[in-house]
Amino acid sequence: MLFGNNILKYKDELLQDLNILLSLESVDGARDEECAKALAFILKCAHDFGLSGEQVSDKSAHVTLGEGGKDCAVLSHLDVVPAGNNWSVNPYALTERDGRLFGRGIIDDKGAAMINLYCLRALKEAGVEGKNSLRAIYGTAEETGMTDMDEYFSKQPLPDMAFTPDSDYGICRAEKGILHLEISTPTNEAKVLSQFHSGKAVNAVPDIAYVMLDSSGYDEQTLMRLADASEGSFEFNYTIDGLMIISRGKAAHACEPEKGQNAASLLIDLITHAYDVEDIGTLCSFIDYAINNETNGRSLGIKMSDAVSGELTVNLGIVHIEDNTASARLDIRYPVTVNGDYVLRQFRTVAERSGLSVEVINREDPLYIEDGSELIEILSGAYESVTGEKPELYSTGGGTYARKLKGRGVAFGPAFKDDEVNMHNADESVDSEKFFLHAQICLEAMYRLFTK
């Protein structure tokens, strides 16, 4: 009998605790007090299970089992992206419906975080004698740049081997480089456009945007005709401050922006066909000609790909124009064999040519691990023993804690590629059977790391 099967006896308790964890609106930067509550809840559960837990920094903690030997770890994050719109259930609760589990963070990454803790509990309560030490590491700033792990590893040693269940199965050995950039103008010089707002997270495709225009009746008729011919979905409202246009799209993770429909890009495309640059401002004009509805960076001059990790992607995540402020934030993910300095230099050249300032908000170098390592062999064996199939080695545009491990860790689960989980989208969910299949794989992997 596989040791991983032991996790199934905790199913009901695990889901009860997960419901409490999902109820916390732990959005880093916006709801820091909820992030703190999430860490505290994990440490409380660990204490109740008789495990040793410790808060390491304001945004990180760990729970440990055993000592000596190799230092092994599993990393997960308790922060989530904002819920956004168009949910059919309460995003901050665990909902079971039609064989699926719903809730913001159920797959990214609170579900896996709770499973990691229960895996430690299962190992302890089964009296497993480990040859190595095993840590479950928790952070609350993964979605906003992973500074939590920078601080954590400034105080704690890097593990010898680790994985993070924050991607898809099989084993992700390569992660694209990430650039989060802010572009801005010194003032909002637009004559017609007074407000434009869209997006709350740079690493998500915005599903709603709105603009306020001081427009004439002729302009409004033109805009409506253009809207009818557009791929977007627009709503026109007349207010005391002018014409408000609401754009509705489809959210998606910034690592796969082509799967979404960017409400901000569609709205900018609409208004730039009706107004001149001086009417809508330099920022919107630049977004229109240099980004538009592209997700591959072609007009920016950074379209590229490699055989290991695929194409570069660009996501317009946030636009904020109001009063004298005009800025936007973009998420660029570039192939693992590409020099990030070149991508940044090329982007800066194009943006500054339009009079825009460029600030680097966050930068993460690519990750690439060769197959055949001890870690990959252990994880492959755990996956095959539970599923009967060998895991594929793949790359992703997603960014996980694995890139903070300096070549000592990979992303492994929890999502299965045939399960539409709506990560960073409305109705984030996971097939219930697959959720517990991941739990079995995860426990089997942690057991092997602990005892090998």
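This is a predicted model: local features need pLDDT of at least 70, side-chain atom pairs count only at pLDDT 80 or more; totals for chains, interfaces and linings use all residues.
The lining of the largest cavity has five nonpolar, five polar and one charged residues by class.

**The cavity**

The structure holds one cavity of 30 Å³ or more. The volume of the largest cavity is about 30 Å³. Its lining includes Thr-185, Thr-187, Asn-188 and Glu-189. Ile-280, Gly-281, Thr-282, Leu-283 and Cys-284 also line it, as do Ile-321 and Ala-326. Which element gives the largest share of this lining? Helix 8, residues 282-290, does, with three residues.

**The pocket**

The largest pocket holds about 880 Å³ of space. It has 46 lining residues. Asp-168, His-253, Cys-255, Glu-256 and Met-423 lie nearest its centre. Several elements give two or more residues to the lining: strand 8 (167-168), strand 10 (177-185), strand 16 (252-253), strand 21 and strand 23 (393-396). The largest share, three residues, comes from strand 23. By class, the lining of the largest pocket has eleven nonpolar, 19 polar and 16 charged residues.

Eight strands form an open sheet in the order 14-15-13-11-19-20-10-21, and the pairing is antiparallel. Why is one side of strand 14 and of strand 21 left without a neighbour in the sheet? Strand 14 (233-239) and strand 21 (357-364) stand at the edges, each with a single partner strand, so one side of each has no neighbour there. On average, neighbouring strands of this sheet are turned by 20 degrees against each other, direction ignored.

**A glycine in a helix**

Gly-340 lies in helix 9, residues 340-353. Is Gly-340 buried or exposed? Its relative accessible area is 5%, so Gly-340 is buried. Not counting residues up to four places away in sequence, Gly-340 touches Leu-179, Tyr-334 and Arg-363. Gly-340 and Gly-177 are 163 residues apart in sequence, but 7.1 Å apart in space, C-alpha to C-alpha.

**Backbone exceptions**

Most residues other than glycine have a negative phi, and most peptide bonds are trans. The table lists exceptions in this model.

| Site | Feature | Angle |
|---|---|---|
| Asp-108 and Asp-109 | cis peptide bond | omega about 10 degrees |
| Gly-413 to Pro-414 | cis peptide bond | omega near 5 degrees |
| Asn-292 | positive phi | phi near 50 degrees |
| Asp-427 | positive phi | phi about 55 degrees |

Where do these sites lie? Asp-109 is in the loop between strand 5 (100-102) and helix 3 (110-125). Pro-414 lies in strand 25, residues 414-415. Asn-292 is in the loop between helix 8 and strand 17 (305-306). Asp-427 is in the loop between strand 25 and strand 26 (429-431).

Asn-292 has 22% relative accessibility, so it counts as partly exposed. Asp-427 has 16%, so it counts as buried. The cut-off for buried is under 20%.

Terms used: Residues are numbered from 1 along each chain as its sequence is written. Side-chain values use heavy atoms; hydrogens and water are left out. Helices (H or I, at least four residues) and strands (E, at least two) are DSSP runs, numbered from the N terminus. Buried means under 20% relative accessible area, exposed over 50%, partly exposed in between (1.4 Å probe, protein chains only). Contact means heavy atoms within 4.5 Å. Two strands pair if DSSP finds at least two bridges between them. Axes are lines fitted to C-alpha atoms, for helices over the stretch in contact, and angles run from 0 to 180 degrees between N-to-C directions. On a 1 Å grid over the protein atoms alone, a cavity is a set of points where a 1.4 Å probe fits but cannot get out, and a pocket is an open set with protein on both sides within 12 Å along at least five of seven lines; lining residues have an atom within 4 Å of a point. Grid points are joined across faces, edges and corners, and a volume is the space filled by probe spheres set on the points. Ala, Val, Leu, Ile, Met, Phe, Trp, Tyr, Cys and Pro count as nonpolar, Asp, Glu, Lys and Arg as charged, and the others, Gly among them, as polar.
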